[in-house]
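Here are my notes on this one, written as numbered points. Keep the model open while you read and look up each residue as it comes along.

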Protein chains: 2
Amino acid sequence: MSKLSSELDQAFRAAALRPTAQRYAVLEFLAEHRVHATAEEIFDAVNRNDPRASRATVYNNLRALAKAGLVREVMSEGKAARFDANLRRHHHFICERCSAVEDISWFDLPPSAGRAALGGRNVTNYEIVFRGSCVRCRDSKSKQGAKS
Amino acid sequence: MSKLSSELDQAFRAAALRPTAQRYAVLEFLAEHRVHATAEEIFDAVNRNDPRASRATVYNNLRALAKAGLVREVMSEGKAARFDANLRRHHHFICERCSAVEDISWFDLPPSAGRAALGGRNVTNYEIVFRGSCVRCRDSKSKQGAKS
DNA sequence: TCTAAATATAGACCGTGTCTAAATTGAGCT
DNA sequence: AGCTCAATTTAGACACGGTCTATATTTAGA
């Protein structure tokens with residue numbers, strides 16, 4: 001049994017989720033492809049090999065995995081939600097020209113930041129969303145922005 | 001002519017947007033209701049009185065106004081985009097129990113923050129998204145979270 | 001093996017947003 | 001004012017992302 005699969009098994013057990021073939025395939029895809037995949041991309045990828053999974057199952061499992069903390073839904077400006085198995089905390093950068101979403105490695109806010117502005121709210125997490133031009137778009141001067 | 005309407009007129013002129021009745025109604029609604037309204041809410045509000053505006057027009061104008069910087073689209077976890085005429089920069093707080101979105105008054109990141117992590121990207125803007133329990137949910141001990 | 005609960009499935013359905021083609025309106029010109 | 005062209009508005013069809021439903025299957029555990 002590979003390192004990855006035993007890790008996933010353990011993750012399932014810890015989260016009290018039944019390790020079904022479909023659920024396994026979804027999580028495996030996200031663990032192997034540390035990109036911000038849309039539900040549709042995950043659906044397609046899973047259905048290229050057995051086991052197949054219906055669209056509803058993919059969504060069910062993404063929600064279940066997110067609730068269990070094994071995956072997280074990434075904010076995205078566009079319409080399609082994106083998911084990410086990178087559980088190390090990180091910030092995000094959104095390119096306003098080509099809409100790419102990139103991970104920014106984690107750094108903490110100074111502990112006092114926003115203390116007053118946050119009032120009595122109980123903050124359990126935060127992330128910073130940066131916007132601007134990614135390296136590729138910055139270098140291409142075209143008004144249209146770089147295409148991938 | 002009211003203070004608000006002359007301000008809006010001036011904003012239109014500055015942005016080189018024709019001050020049509022529909023466009024005016026959309027911007028006026030957002031200026032008067034500093035909430036995070038969805039396009040649907042704006043559509044409904046505008047169509048309660050003259051002038052009417054079709055759905056396409058509401059969307060066209062929201063996009064035009066956003067491009068002109070008079071309005072901004074607020075990230076939201078859910079599906080429906082939300083718009084905001086609060087042009088003062090602010091951060092956001094999302095309650096994980098009741099999904100409320102609240103504005104957090106602006107504070108800057110230390111100028112050096114993330115310098116290394118951001119690499120060569122050209123950052124033009126950023127915001128911090130905090131998550132946790134809002135004051136109401138924090139006080140209600142129920143597992144379900146407070147309802148409004 | 002048997003049972004109950006969790007999960008998977010196909011496909012209908014719904015909300016949000018975009019597109020199209022035609023009608024209207026606004027701004028500048030004479 | 002009348003003319004002209006580009007910007008804007010409109011209704012409704014359409015596309016996409018995601019949810020729901022009813023049924024079938026699988027899993028865990030006794």
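1. Let's start with a term: a salt bridge is a side-chain nitrogen of Lys or Arg within 4 Å of a carboxyl oxygen of Asp or Glu. Between chain A and chain B the count is two salt bridges. One salt bridge joins the side chains of Arg121(A) and Glu102(B), at 2.4 Å from N to O.

2. A word on the ground rules. This is a predicted model, where local features need pLDDT of at least 70 and side-chain atom pairs count only at pLDDT 80 or more, while totals for chains, interfaces and linings use all residues. Residues are numbered from 1 along each chain as its sequence is written, chains are lettered from A and ligands numbered from 1 in the order in which they are written, and side-chain values use heavy atoms, with hydrogens and water left out.

3. How many residues of chain A are in contact with chain B? There are 33, and they touch 33 residues of chain B (contact means heavy atoms within 4.5 Å). The two chains bury about 2,900 Å² between them, with 64% of it on carbon and sulfur atoms. Buried area is the accessible area (1.4 Å probe) that two parts lose on being put together, summed over both. On the chain A side, Met75(A), Arg121(A) and Arg131(A) lose the most area to chain B, together 22% of what that side buries.

4. Across this interface there are 12 residue pairs in polar contact, both residues at pLDDT 80 or more. A polar contact is a pair of N or O atoms within 3.5 Å; within protein, one must be able to donate a hydrogen and the other to accept it, and residues adjacent in sequence count only if both atoms are side-chain atoms. Which element gives the largest share of the side of chain A that touches chain B? That is strand 6 of chain A, with 12 residues. Helices (H or I, at least four residues) and strands (E, at least two) are DSSP runs, numbered from the N terminus.

5. Now follow strand 6 across to the other chain. Strand 6 of chain A pairs with strand 6 (residues 122-133) of chain B in the antiparallel sense, over 11 bridges (two strands pair if DSSP finds at least two bridges between them). Ile128(A) stands opposite Ile128(B), and Gly132(A) stands opposite Val123(B). Within chain A, strand 6 also pairs with strand 4, this time in the parallel sense over four bridges; there, Ile94(A) stands opposite Arg131(A).

6. Chain A also has an open sheet of three strands, in the order 1-3-2, with antiparallel pairing. Its edge strands are strand 1 (37-38) and strand 2 (72-74), each pairing on one side only. Strand 1 meets strand 3 (residues 82-84) over two bridges, and Thr38(A) has Arg82(A) as its bridge partner.

7. Last, the DNA. DNA strand D is surrounded by 20 residues, and among the closest are Arg55(A), Ala81(A) and Thr57(B) (near means that a heavy atom of the residue lies within 4 Å). Sugar and phosphate account for 71% of the atoms of DNA strand D that come within 4 Å of the protein. A polar backbone atom of Ala81(A) is 2.7 Å from a phosphate oxygen, and an N or O atom in the side chain of Gln22(B) is 3.2 Å from a phosphate oxygen. Arg18(A) has a side-chain N or O atom 3.5 Å from a base oxygen. Helix 4 of chain B gives the largest share of this surface, four residues.
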